[in-house]
Structures are given as structure tokens and as C-alpha cells.
Amino acid sequence: MAESTLQPPVALTTADGQPLKTSLARVERRARIRAFALVVPLLIFLCITFLFPIGQMLFRSIHDPLVVDLLPNTIAALKDWDGTDIPGEPVFAALAEDMKKGREDRSIGKVATRLNFEQSGVRSVITRTARRVAKLEEGPYKEAFLDANKAWGEVETWATIKRLGNRFNTVQYLASVDRRFDTEGNVVMQPEDRQIYVPIFGRTLWMSLLVTACCLLLGFPISYMLATQPLRISNLLMIMVLLPFWTSLLVRTTSWIVILQSEGVLNDILVWTGIVGEDGRVQLIYNQTGTVIAMTQILLPFMVLPLYSVMKTISPSYMRAAQSLGAPRFQAFWKVYAPNTLPGVGAGSLLVFILAIGYYITPALVGGRTGQMISNFIAHHMQSSLNWGLAAALGGILLIGVLLLYWLYNKLVGVERLSLG
Amino acid sequence: MAISNENLVEFTEVQKSYDGETLVVKDLNLSIARGEFLTMLGPSGSGKTTTLMMLAGFESPTHGDVKLDGRTLNNVPPHKRDIGMVFQNYALFPHMSVYENLAFPLQVRKMSKSEVETKVKKALDMVQLGGFGTRRPSQLSGGQQQRVALARALVFQPTLVLMDEPLGALDKQLREHMQLEIKHIHESLGVTVVYVTHDQSEALTMSNRIAVFNDGIIQQLASPPDLYERPENAFVAQFIGENNKLMGKVQHTNGENACTVVLDSGDEVQALPVNIAGAGSATLLSLRPERVTIGPEAGSLPNIFDAEVQELIYLGDHIRTRVKVCGHDDFVVKVPNAQAHAALREGAAVKLGWSIEDCRALDA
Amino acid sequence: MKNLLKSTTVARAAVAAFGIVSAQAADPLTVVSWGGAYTKSQVEAYHKPYTEMTGVEIVSADYNGGLAEVKAQVEAGNVTWDLVDVELSDAVRGCDEGLLEPIDKSILPDAPDGTPAADDFLPGTLTDCAVSTIVWSTVYAYDATKFPGDKPATMADFFDTEGFPGKRGMRKTPKANLEFALIADGVPADEVYDVLATPEGIDRAFAKLDSIKDDVVWWEAGAQPPQMLADGEVVMTTAYNGRLFNAQTVENKPFVIVWDGQVWDLDLWVIPQGAPNKEEALKFIAFSTDTQRLADQAAWISYGPTRKSSVPLISTHAESGVEMMPHMPTAPDNFKNALQNDFEFWADYQDELNERFNAWLAQ
């Protein structure tokens, strides 16, 4: 460095007179393009199968165009409505027009379903009223509506429609954290008996932490064995660790059902040895305990492999050095060996935790009532309730949570210290 | 720094086996004096590192005693032996700074903070790394890491320091520099050093005494000049320095200081009997290349033979000359690059001569 | 919409690029149903005769109910299913949301005695987009060996864990369970939905469920409850009557069905919007819902035909020779205290009640 600053600032050129920098840039660009061409297939694959669907999901969680597109006149007419009293005739007329059109192209059901997510019962109010309104040639509509269903005389119904009058809104995200808009447009908690997602997020977090801790507790000693034992023993151990990896996830989960169920192997042994009585069989499955046990076993390799690969690189001479410097075995282990396994501990824990937090199939099969996690509810909204917007918002929160965690990890430990072996 | 007569370390009839079938160390008896710099030299697998590890406490002897300062070490765990150690790849703790690495042995000894600080500073100054305390080991060059490892092994003032091929990873120039530095530190501190290496020039440079290991046995324990000048068996002669071998049979001994050996080519050589079984036994004559005279005057030396120059290799300070003599065509002579010796050519016929003392009759 | 269009184009391109597009050949008809003994009854009664008659090949696929797959196919513009067997609430909702093709009822054949199809079908079993085939029912059954003395006979007994101790199996959904709870709590069948439409009624139903919550093992797939009952995991369980019939007659299990308080529902044919072989599908619907075909199906499974004219034609079980009529949900003895699942109620309240049910479960 010192020498180069002493050089006079003369622009260097190549033998044929081109500026050296341009020439260098050209050579490097060619190499870069070649390198880029090699990753293009993967990039396209990732874009189509990974980034694009995630983008779609996030988009869907805030993009809510149904009401705006299908009740355009109503939304326009409601623009100046102050929300204190039921709106006047022009709004009813606009809604009637939208409904007639909706009846014609069979789109009114979509609006009704969407609104019903916000306010139960609105679906039948709209479809029934629409059926009646379709027969009306002309106004006044207000009377007819009020006559058709008393829900049209309630401010809440109109507030619900107006609230969805934005193509982009955060209604689904609010719902994902057990909150909603009241008629005045304030964010309030859901009624207590419908508060579900925050506790489930909490439980998901807690169970994932528990699984991570169990994996670490079980995985650390085995990884240490793997890294320090002679090849013959460590190979055997490695096979035992990896064996579950080569078995289908469903097989593993169902074999846990066989072992843990109340008439299962483990309970039979407990009864047989007299530890518990015949009527005191322990409920080990279809609850949180079963889910944590099965997930710990399934995710264990994801803890062991990074730990092992890091421990393998820790020279045994560190422990010896520490001992020769006067540290007893345990102190040497704790002060010198353990800190060096941190990248592996971090990588393993992060991997297990991220996998656990989005785990679906195992909780679905052995989770019973108390072992369900957030992914099971996302699946519910994807498959049964068809509330894809809410499913997307729940997924979005999960994604943000994981990214946050990753950021935190990067801040505390540094991602460059992450070692997956 | 004088070496005391008192023994600090004593190995008595030590044997070591890993698998219960073969002995890695066979019946080792070795005393190391306080303040001595002793090197264990040998090829890999010769048992030198195992011996060092038994002394450090990471391996336990299968049989026999290891004593340090009169105390039997067999059941003393490594951390209570108070032995400093420098490892092959330094074994600096990567998650600690240089300062923390040096403070580690002091902290586990529960020294006060100020005491730790003074000692670490002194140790760092000793290896000329005063300003490097906050660096991580990975930010240091190989030579600097080596010095930190050295400082760490010395900072808690152990009576004995073990070094397990500490310079193996350095380039030649740095290695030679560090050899001298370690030698000077040893001299100024008076600490006892047991040093393991397979590099003979390193051993020759630094040691008070060298124990040459082979096949689990100390082949010879001697000072560097003795080892080079007076190897006691064929292995040592071969292992230390360059060596010409002439195979033959002892015809008869002429008193203590001479014997006549008939080579396989039929030539008769006068040699110094060192390690022979007596008349009629096979022997290997060992002759250093620099102790051979080219073109001696007739009768000036007891052994003079005709030879033919096969190859000349120019090495600057001397010319390595391969000649054919007494039926051996791999006989090497080092010819000093002095003005008088400029005339050799390949294929030339010359005369070679050597004295009785320089031609050692060893076990075959 | 524009975005959606764009995205579906990309998705389609992606699908095409990976060669996942299924053969769009017009010939075979893809018929999707619930699998197991039920699909078998359809294959025997509908598919085989239809193929024999027309030569059109029928590909039978299984699914787990719900509109998720239909919605995904319709939204992606890549419909591969021609005909789907759905529950009533899904038939109505799918029609409302434009996921299903409207079906002109004039294609349905008259009864053999000349009664028009519209009058021959039970009231409420034809909707804008769907034609019903069977009546099925959610009932509960117990293991006779577990109750040597008093035997459960009413819905109230299901909720009486003191009189009849042991674990209960229930489907993990509020549907039918809330109705059961109210019937057990003394609400007459014809008032159940009126009570359930009020907040107090919902509280009352949940309170009743709460009383046995700790004794309930929840099931999700229809095959689970007979298995749980056979394994001794539960002593009584709610289940679909056809599955119980199968366990009783084919597997000879000592199960007894309690018909009191049964909640019955319909299965209907629907055609997803944009189905590849819509015309053929309509022909198949007309064929499979005629009087004889519906009666034929009842020989394979204990679900009742929705045509009045089919009832006299019901004979014996094709495999065991058991007289089928007494096993039908619609048999007069079984039908005394029966309740029809109110699709309108569930279409309106299922989101709220699902959430509340899930929250209640998680507590």
C-alpha cells in the first residue's frame, strides 16, 4: 500500500495503448458473464419455484380486490359516508346496481364469501337480498333492502363493506394477530373466544424452541462422540444418526404413533414393568409431548451434522493445550472446546428452529388438540376455509419471523460464522 | 546457562503399546538434566512423539515410570504436571485474542488481574509481539503465531517445556530464524526443554543433547558433534548427515583403534572398529563425504584407492562429486569450491584417500 | 385481475416447462370422489355400466373433500377434473363463488312411472350447480362388548361420561358436533339451527362439548373412527354410517349404531367451471342419477338414494347379502329423530365457528 501511494498518478496503458483499467474490466467482464451463465439455470429455477410463489403469497396477503372490483358503484358511493348512521338512498341504489350485475355474471357469491370472512352471516344476507333486488325494476331501494334483511339497517354491515374498499389493505394481517377494525375503524382485539392466532404463534415458537433445545441436548454429546471416536465406531454412529434420514417422514411419524399411543409399545412396557397401572396409561401422543418427541427425533440429524462438521475441524490439540496450560478437563472443555463449537451450535439450532417453526405433517399426525402449530392452521385456511388471504398473511408473519431471527443471529453471531460443514 | 547435574526428568523401563500387540516404545531409559535442551530426533513412527505425550500426560505408559522432579507422574493428570507445551500447529485458541491466550494459563491458576497483566506483557515483549495483544491468532503470520505459542507455554514459568515439532509449518528461512530465537530464549530463561523433531539440522542447531529414536528405541544419545562425528550404529550414521556406505567383512582387528575390512569388491580398508562383533562378521563402513581427500600423496593416508568421476553437481560452496570406487558407484565426495580443485571432469580417473578415524566400522 | 392473469400465465408456462400438464385428450372422463368403499360403490353402480354403454373410459381419482383443489384449478385456468363428488355446503358455496358450472335439470331422466325428475328427487337435493346421489349420515356407534349392562341409546348418552365411562371419538370440526351437543342438551331436532343462530345457543353448545372435552379423541379422516373403535382407543365414536356398516358386515365388528340425533347430509355431483369434458360429464350425471343406478349403488354401501322412485328397488348387500334397507339413514326407524345439515347456516357461520372451535380446542 505504502509503495503504491508513492507512485505518480499516471494512467497506465497496455502494450497496444488501451487504458489498463478498461482492458482489465473487459477481461473480467467476460469471466463474470461466463460465471453468470453457469448459474442462470438455477436462478431461473429458483425464481419460478421459490421467489415467485413467495412473492405471490405476500402479494395475496395484502391484495384484496374482490369487493373493489365487484361492488365498484357501492364503494364509490360510500366514499363520503361518515360511518355514524346507515347511508342514504344513493348508496342503496349503487349496491342494487352492483348486485344486479353480480347476479348476472354469478360473481355476487364471491363478494358474499369474502365479506363473510369479516362478518359471519353476511353471505346469506347478500345472496338472499340480491335474489330479491334482481326483481326490482327501480327504487327506492332503501326500503326494499331494509325490508329484505335487517342487517342492512346496521352500521356494521356498511362499515365492513367500506373497509374492504381498498384494493390493498391489512385486514388479513390484523386477523392474523387476533385483531380487527371496529365500526369506527379503530384496531381492537377480537372477542376472547375467537382469539386464536397469537396463542398459536406463541405455542409454535415455544415448541420450536423446545425441540431445538432437545436436539441440542441430545445432539451435542453424540456429535462429540462422532468427532472424537475412531473411524470404526464413528462410522457406525453416523449410520445410526443418518438412518432416520433415509426413512420416509411418514413412516417415522407413524412409527412414533405405534410406540407412544396409549395402547402402544412404550405404555405396554410401563404397564408390564408395573411402573404405571393398567388404567394409568400415560398420554404421550396426540398432544404437545408427542409432537415434541417425534419432531426432536426427526430433526436431530439437522443438529448433528453441522455440529459434527464443526467439531471435526476442532483440533484435539486445543483440548490438550488447555490441559497442559493447567485447566482441568471440564474447564478445558467449557472454556476452549465449547466456544469453538458455537458456529455449529448456531447453524444447527437455526436450522432446526427454522424447520420446526414451519413444521406441518408431524404436528398434523401426532399433535392432537394441543400439539397443533401455526402451519396446521395455514393448511386449514388453504384447504378447508379457502381463506387464502388469511393463510397468506399467516405465512407472511411466519416468514417475517424467520427473517427476523436470521437477522438477529447475524447481528449476534455473524452469518459468516455459520457452518453447515 | 549451566546445565545442572541433577536430573529433572527420568524415564525408567518405560514401554508403551496401543494395541497390545506391538510396542511403540521399547524399554526406554532416559534422564534429562535440569536446564538441558534435549531433542528427540527420529523418523515418524519411531516413538518420539509417544514418549513426549507420556511426559505431557496425554498417554500413559503401559509399563515403567516417568518421574518429574523426583515425583512419579503416572497418575498425575496433565493439568497438574506444570509442563508447558508448544504444539505442532501451535494450538492457539482461535476464539481468544493473543492476550487472552496468554492469560489463560494464569487465569486458571487464579492469579490476580494485575499479576496476569504484568506476566502477559513480559511474555509478549520476550517474543517481540508487544503490540499484538488484541489480535486474533488468525490475524497473525505463521511466525508470529509460533511466537505466541512459545510465549504461552512459558508465561506460567513451568520447569519443563515440551515442543512437538513446533517449526514444522514454517518456511525454511523463518524456521532457521526461529531456531535461533528458541535457543536464545532457552539460554536466557534456563528452562528445561524437551524438543521433538524429525529435522536433523534443527536438532543439531539447538540441542545440548540429541536422542535419536528408531523403532521405539533410543539408538544414540549424545551431543550434536558426537552424534555427527561418532555415530555408534548404522542407523545413526545414515540418519544424521550425509554418509557413504561400504559393505564388507571384518578380516581382523589390529588392537583397539584399527581393523582390516575386506569389501565386497575385494579391496582392503583400514577402519576404526566401533560396533562390530569381531573377525569374520559383516560390517558397514561409514564415511562422511567431506572427510575424503581427492588426489592424496601416495602413502600419506592408510586408505588410498583409484576412482572414476561419474557426476559433478555444482552447489556453490562445494561441488558434489559422485565417483565409482571399490565397486560402489554411489560414493559421494564433497569437494570444496577452492581454486585448487577446479580441474575435475566427468570420467576422469582420480585417487581418493581417507584416514582410519574417519572410516567407522559399524553394525551391518 | 390483470396481475392474476399475468401470474397464471407464468404459472402455466412453468407447468408446461416441467411437463406436468396432464393429457388433455377429450376421451377419458376424470371423476373425483372420496375413495374407499364409497368410490367402489360408484365404480360398480355407475362407472362400469357407463363405460360398457358408451365406451367412454372413466378415470377415478380420490380426494379428501373441500373446494381447495377445485378453486386452485379454476383460478389457475388449468382444470383437469370433469366431475367431483362434494358435500352440499361445498356445492352451494362453489356455485356462489363461480367455481362450478350450472347444471340444467332438464337433462335428468324422469322416474319409470313418469314422475318428472324435479319431483322425484327429495326436496332440497337439487341445487343450481349440483345433482345429488345419496343421503349419508353422521351418527355415533359403540362397541357392544364394552357395555354389557345398560347400552347407550340416545344422543344424550354419548355425552354422559358417568353413565357410560370411556373415551369418545369425534370429528375435529364444529360441523355436526354442535348439533349433537344441542340435541343431547334437550333441544328438539327441528329447533337446533334456530338455537344455534343465537350467541346463547352457540355458548350452550360449546358448554355441552366442554363437559366431555377431556374424554374426546379427535379424528379427521373417515377411516379413523372405526379403527379407533376396533383398537379400543375409544368406547364410542361419531362416524359416517357407511363406514360403520362396512365394519359391521364386512369385518364383523361388534359395533352398534345409535341413530338417535343423526345429522344427515347429501353428496352431489358437480362440474368444475371450465372442465375439459363438460358435455360428457353432463351425460354421465344424467346416466348415474337415474332411478336404477341410484338403487344399484345402495347394494354396495349403506347410503340412501335421493330419488324417491329408487327406494323400492333397494335390495341386498352385494357382498354379504344383508338386507340393505334397515341400514339406510332414511329407513323410517332410523329417521325418527334426524336432522338435516343446514348448508345455509354452515356457509354463513363456518368461518366464525371454525375459529371459535379451534380456539376452544387449543385452550
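Visitor: What is the handedness of the crossing of α19(A) and α20(A)?

Guide: The crossing of α19(A) and α20(A) is left-handed. Keep in mind that what you see is a predicted model.

Visitor: Which residues make the contact of α19(A) and α20(A)?

Guide: From α19(A) come Ile374(A), Phe377(A), Ile378(A), His381(A) and Met382(A). From α20(A) come Trp388(A), Leu390(A), Ala391(A), Leu394(A), Gly395(A) and Leu398(A). Sorted by class, that contact has 9 nonpolar, 2 polar and no charged residues. Gly counts as polar in this scheme.

Visitor: Let's move to chain B. What makes β9(B) and β10(B) a pair?

Guide: Two strands pair if there are at least two bridges between them. Strand β9 (residues 209-214) and β10 of chain B have 5 bridges, in the antiparallel sense, so by that cut-off they pair. Within this pairing, Phe213(B) has Ile218(B) of β10(B) as its bridge partner.

Visitor: Which sheet do these strands belong to, and in what order do its strands run?

Guide: It's an open sheet of 6 strands in chain B, ordered β6-β7-β8-β3-β9-β10, and the pairing is mixed.

Visitor: Why are β6 and β10 of chain B called edge strands?

Guide: Each of them pairs on one side only. You'll find β6 at 83-86 and β10 at 217-222. Across this sheet, neighbouring strands are turned by 20° against each other on average, ignoring direction.

Visitor: Which helix lies across β6 and β7 of chain B?

Guide: That's α4 of chain B, residues 142-154, with β7 at 160-164. The helix runs at about 170° to β6(B).

Visitor: How do you know that β13(B) also pairs with β20(B)?

Guide: They share 2 bridges, in the parallel sense, and the cut-off is at least two, so the pair counts. β20 of chain B covers residues 359-363, and Leu272(B) stands opposite Arg360(B) there.

Visitor: And what about β12(B) and β13(B): how many bridges do they have?

Guide: They have 4 bridges, antiparallel this time, between residues 259-263 and residues 268-273 of chain B. Val262(B) stands opposite Glu268(B) in that arrangement. The two strands form a hairpin with 4 residues between them, where Gly266(B) takes a positive phi near 100°.

Visitor: Now the domains. Where are the domains of chain B?

Guide: The domain assignment gives domain 1 as 7-234 and domain 2 as 244-363. Their C-alpha centres lie 39 Å apart. The contact takes 4 residues from domain 1 of chain B and 7 residues from domain 2 of chain B.

Visitor: Where does the domain assignment of chain C put its two domains?

Guide: Domain 1 of chain C is 2-135 + 266-320, and domain 2 of chain C is 136-265 + 335-362. The C-alpha centres of these two lie 28 Å apart. In their contact, 18 residues of domain 1 of chain C meet 15 residues of domain 2 of chain C. On the domain 1 side, α4(C) gives the largest share, 4 residues. By class, that side divides into 9 nonpolar, 5 polar and 4 charged.

Visitor: What about chain A: how is it divided?

Guide: Chain A has domain 1 at 67-167 and domain 2 at 197-417. The C-alpha centres of those domains lie 51 Å apart.

Visitor: Last topic, the chains together. How do you know that chain B and chain C do not touch?

Guide: Residues in contact need C-beta atoms within 7 Å. For chain B and chain C, even the nearest C-alpha atoms are 45 Å apart, and the two chains do not touch.

Visitor: Which chains share the most contacts, then?

Guide: Chains A and C do, of the 2 pairs of chains in contact.

Note on methods: Residues numbered from 1 in each chain as written. Chains lettered and ligands numbered in written order. Predicted model: local features only at pLDDT ≥ 70, side-chain atom pairs only at ≥ 80, totals over all residues. Axes fitted to C-alpha atoms, helices over the stretch in contact; angles between N-to-C directions. Domains from an automatic or database assignment. Left-handed = near helix turned anticlockwise from the far one by under 90°.
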